[in-house]
Amino acid sequence: MASMASASVAPAGFSYGRPPFSASEKLRRTVVVRAEAINPGIRKTEDKMVDSVVITELNKPLTAYCRCWRSGTFPLCDGSHVKHNKATGDNVGPLLVKKQ
């Protein structure tokens with residue numbers, strides 16, 4: 001009776017033995033970043049959409065919160081919406097929280 005060699009089958013995406021890429025092969029990934037408007041239709045007649053909220057108990061008299069998701073100090077606004085608005089034609093601005 002001939003002996004049957006057992007074959008192991010790796011799940012898809014896996015390999016046994018050498019890694020899928022040798023040291024000379026490089027995995028290259030391309031990341032595409034597109035500037036897109038984040039405000040598709042809310043109050044588009046305004047030059048810049050800014051809201052204010054008045055609260056009696058705050059430490060600061062005024063705090064600006066980011067709504068463009070581009071701020072380097074998120075969740076606080078750092079003015080990044082200006083560049084975003086120029087690139088996309090959007091009109092997003094910060095949420096201003098004011099102490100009453």
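Residues 51-87 have end C-alpha atoms that lie 22 Å apart, and this span is 22% helix and 24% strand.

**Overall layout**
- The chain contains one helix and three strands, and from the N terminus on these elements follow the order β-β-α-β.
- Of the 100 residues in the chain, 17% count as buried.
- Among contacts with a separation of 6 or more, 64% come from residues 24 or more positions apart.

**Confidence**
- The chain has a mean pLDDT of 78, and 70% of its residues reach 70 or more.
- Across residues 1-6 the pLDDT is below 50, and this stretch makes zero contacts in the model beyond near neighbours in sequence.
- Where pLDDT is low, the predicted coordinates should not be read in detail.

**A salt-bridge network to look at**
- The structure holds four salt bridges, and a network of such bridges links R43, E46, D51 and R67.
- R43 pairs with E46 through their side chains at 2.9 Å, N to O. R43 is partly exposed, at a relative accessible area of 32%, and E46 is partly exposed with a value of 32%.
- The side chain of R43 also meets that of D51 in a salt bridge, at 2.8 Å from N to O.
- D51 forms a salt bridge with R67 too, with 2.7 Å from N to O. This pair links distant parts of the chain, 16 residues apart: D51 sits in strand β1, and R67 in the loop between β2 and α1 (80-88).
- D51 counts as partly exposed at 25% relative accessibility, and R67 counts as partly exposed at 23%.

**A nonpolar surface patch**
- I38, W69 and F74 make a nonpolar surface patch of about 340 Å².
- I38 belongs to the segment before β1 (49-55). Its relative accessible area is 34%, so I38 is partly exposed.

**A buried strand residue**

Technical notes
Residues numbered from 1 in each chain as written. Predicted model: local features only at pLDDT ≥ 70, side-chain atom pairs only at ≥ 80, totals over all residues. Heavy atoms only, no water. Helix = DSSP H or I, 4+ residues; strand = E, 2+ residues; numbered from the N terminus. Buried < 20%, exposed > 50% of the residue type's maximum accessible area, 1.4 Å probe, protein only. Contact = heavy atoms within 4.5 Å. pLDDT = per-residue confidence, 0-100. Patch = residues over 30% accessible without salt bridge, like charges linked within 9 Å, V, L, I, M, F, W, Y side chains within 5 Å. Areas by Shrake-Rupley, 256 points an atom, 1.4 Å probe, with all protein chains shown as cover.
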